[in-house]
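Please keep the sequence and the coordinates open while going through it.

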Amino acid sequence: MPMSWAYSASQQRGDRSVRTVHAALDAGVTLLDTADMYGPFTNELLLGRVLKERRADAFVSTKCGLLVGEQHIVANGRPGYVRRACDASLRRLQTDVIDLYQLHRADPEVPVEETWGAMAELVTAGKVRALGLCAMAVRSPRRIAAGAVRADLYEGTIRQLERVQQVFPVSAVQAELSVWSREALPRLLPWCESRGVGFLAAMPLGNGFLTGTLTPGGGFEPQDLRARHPRFTAEMMAANQPIVVGLRRVAERHGGQTAGVTPAQVALAWVLGRGRHVVPVPGTKHERWAVENARAARLSLTDEDLAEIAALPPARGSWD
């Protein structure tokens with residue numbers, strides 16, 4: 001997503017992004033996760049330039065169900081739209097089949113079973129190999145105790161999953177999961193594990209914050225989603241620095257800069273450690289970071305590391 005949409009538009013360069021995807025594949029990354037709304041459409045076109053040459057090297061995941069307007073995003077789960085969206089994604093990605101087709105958001109005006117049924121028909125037609133659903137955390141305005149992890153944020157998603165499972169198997173669920181966003185741990189992650197469903201951890205680097213490369217008060221471009229996120233005000237970025245400091249301490253125990261171990265790799269290793277069914281999906285526009293992210297798979301966190309990460313303070317400035 002950062003290559004084409006929602007982050008620092010002035011840094012989005014197609015040729016550089018293509019080189020970054022090639023570098024990720026060379027480093028052993030196999031999952032490429034995109035969506036038709038990223039751009040919109042331009043991110044799939046970008047990946048298609050790579051897949052035209054290296055389709056066998058990649059597990060391709062894309063999404064449908066959201067339409068982007070000038071000032072709004074709306075859901076569309078109508079079966080006819082789903083079929084057309086899939087065909088369009090196949091053309092842009094320059095492939096004959098999508099490995100994982102995900103419903104980005106359920107349409108409140110269309111029973112989710114109807115949308116899922118249309119997606120299942122795509123599997124039968126050989127255009128898609130497996131289906132996934134993106135989870136939406138529903139936050140309420142109620143104040144909760146500091147440090148508490150809300151277990152009910154994904155109850156609506158779990159109900160949706162149980163409904164669509166009756167139509168066609170769910171192969172993967174995608175939801176935010178990181179050191180500073182752990183709401184999926186109490187209910188959603190165990191639901192997936194108990195049913196053999198993969199879990200794609202979105203934003204495992206906390207929209208870049210957990211890398212330790214962002215400066216509080218540095219500001220963001222107007223179109224950057226972080227410019228409007230409560231955790232990315234100068235005050236909240238400064239208040240949340242202890243989280244990055246803790247990740248950096250863990251990285252230092254593993255050799256730090258001398259050994260090429262970074263806070264970002266520690267954050268990714270933590271996500272990888274949540275289970276064999278968990279796959280982090282970090283986004284980047286740069287070859288350097290893509291290779292660094294891939295190397296996180298080699299990092300094994302100790303019990304001491306995990307205890308320190310568990311003791312880090314909760315993030316401040318959330319949507320709650």
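Predicted model: local features only at pLDDT ≥ 70, side-chain atom pairs only at ≥ 80, totals over all residues.

At what angle do α1 and α11 pack, and how far apart are their axes? Residues are numbered from 1 along each chain as its sequence is written, and side-chain values use heavy atoms, with hydrogens and water left out.

1. **α1 against α11.** The angle is about 20 degrees and the axes of α1 and α11 are 8 Å apart, where axes are lines fitted to C-alpha atoms, for helices over the stretch in contact, and angles run from 0 to 180 degrees between N-to-C directions. α1 is therefore roughly parallel to α11 (angles under 35 degrees count as roughly parallel, over 145 as roughly antiparallel, 65 to 115 as roughly perpendicular and the rest as oblique). The crossing of these two helices, α1 and α11, is right-handed, a term used if the near helix is turned clockwise from the far one by less than a right angle, with anticlockwise giving left-handed.

2. **Residues between α1 and α11.** On the α1 side the contact is made by Arg19, Thr20, Ala23 and Ala24, which meet Glu287, Ala290 and Val291 of α11; contact means heavy atoms within 4.5 Å. By class, the contact of α1 with α11 has four nonpolar, one polar and two charged residues (Ala, Val, Leu, Ile, Met, Phe, Trp, Tyr, Cys and Pro count as nonpolar, Asp, Glu, Lys and Arg as charged, and the others, Gly among them, as polar).

3. **The helix α1 itself.** Helices (H or I, at least four residues) and strands (E, at least two) are DSSP runs, numbered from the N terminus. After α1 comes Gly28, with a positive phi near 105 degrees.

4. **The buried part of α1.** Which residues of α1 are buried? They are Arg16, Ser17, Val18, Thr20, Val21, His22, Ala23, Ala24 and Leu25, where buried means under 20% relative accessible area, exposed over 50%, and partly exposed in between (1.4 Å probe, protein chains only). These buried residues of α1 pack against β1 (31–33), α2 (42–54) and α11 (287–295).

5. **α1 against α2.** The axes of α1 and α2 come within 9 Å and cross at roughly 45 degrees, which means that α1 is oblique to α2. The crossing in which α1 passes α2 is right-handed. From α1, the residues Gly14, Asp15, Ser17, Val18, Val21, His22, Leu25 and Asp26 meet Leu46, Leu47, Arg49, Val50, Glu53 and Arg54 of α2. The classes in this contact of α1 with α2 are six nonpolar, three polar and five charged residues.

6. **The loop between β1 and α2.** A cis peptide bond, with omega about 0 degrees, joins Gly39 and Pro40, and Pro40 is found in the loop between β1 and α2. Phe41, whose place is also given as the loop between β1 and α2, has a positive phi of about 75 degrees although it is not a glycine. Phe41 is partly exposed, at a relative accessible area of 42%.

7. **Gln94.** Gln94 is not a glycine, yet its phi is positive, about 55 degrees, and at 40% relative accessibility Gln94 counts as partly exposed.

8. Thr157, in helix α5 (residues 155–165), is buried with a relative accessible area of 4%.
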